[in-house]
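Me: I would like a close look at one part of this protein, namely the sheet and the core that goes with it. Please take me through it slowly and connect the pieces as you go.

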Amino acid sequence: MLGIRCQVSESCLFCRIASGELTVEKAIETEKTIGVLNTLEPFARGHVVFFPKQHAVTIRHLPDDYLADMLPAIMRVATALGLENYNILSNNGAVAGQTVFHAHFHLIPKWSEEEGLVYRREPKQGLDHSEMRERLRRANLAGHKPGRLDGGG
Ligand SMILES: [Zn+2]
């Protein structure tokens, strides 16, 4: 195995795969990422689930180097599958639909209207963004000057 430093949770499915305890059909393996063909609950042919070898409940808990390894691995598999239409999905938290509490991404080919991820686009109108805008302003992630996002300048 390649450089596993999984904080193994014995009950965690993906940790058991990462440690080699469970054998699965791997689509890809890198130093930090495993991609597994989802044949249990696929939304489409070629549905692959990618997870880090290190345990983290959600992607927000992952170190940057694990995150940085993930997207290129997903893209290599998308290329190998010849995908032109696909969705990349990560459910984080139970309310968001997460059912396996080891962070992961889905690569879901969209072969047709029926085969692949099906979701409804329902933009919400009239939401109050002021609290989220204030949190972002305080975090200063975009390097903007305080107050600029409030439309005052
Ligand atoms: Zn785990």
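Reply: In this predicted model, the protein chain holds three helices and five strands, and read from the N terminus these elements follow the order α-β-β-β-α-β-β-α.

The five strands form an open sheet in the order 1-2-3-5-4, with antiparallel pairing. Strand 1 (26-29) and strand 4 (86-89) stand at the edges and have a single partner strand each, so one side of each has no neighbour in the sheet. From one strand to the next, the twist averages 15 degrees. As background, strands of a sheet pair through backbone hydrogen bonds, in either a parallel or an antiparallel way.

Within the sheet, strand 3 and strand 5 run antiparallel and are joined by three bridges, and Val48 has Leu107 in strand 5 as its bridge partner. Both of these residues also belong to the largest nonpolar core, which has 21 residues, and they are among those with the most contacts inside it, together with Val36, Phe50, Phe51, Ile74 and others of that core. Two or more residues of this core come from each of helix 1 (13-18), strand 2 (33-37), strand 3 (48-52), helix 2 (64-81) and strand 5 (105-109). In soluble globular proteins, nonpolar side chains tend to be buried together.

Leu107 shows how these parts meet, for, leaving aside neighbours within four places in sequence, Leu107 is in contact with Val48, Phe50, Ile74, Val77, Ala78, Tyr86 and Ile88. Across the protein chain, among contacts between residues at least 6 apart in sequence, 54% join residues at least 24 apart, while buried residues make up 23% of the 153 residues.

How values were computed
Residues numbered from 1 in each chain as written. Predicted model: local features only at pLDDT ≥ 70, side-chain atom pairs only at ≥ 80, totals over all residues. Helix = DSSP H or I, 4+ residues; strand = E, 2+ residues; numbered from the N terminus. Buried ≥ 20, exposed ≤ 12 C-beta atoms within 10 Å, placed from the backbone. Contact = placed C-beta atoms within 7 Å. Core = buried A, V, L, I, M, F, W, Y, C linked by C-beta atoms within 7 Å. Pairing = 2+ DSSP bridges. Axes fitted to C-alpha atoms, helices over the stretch in contact; angles between N-to-C directions.
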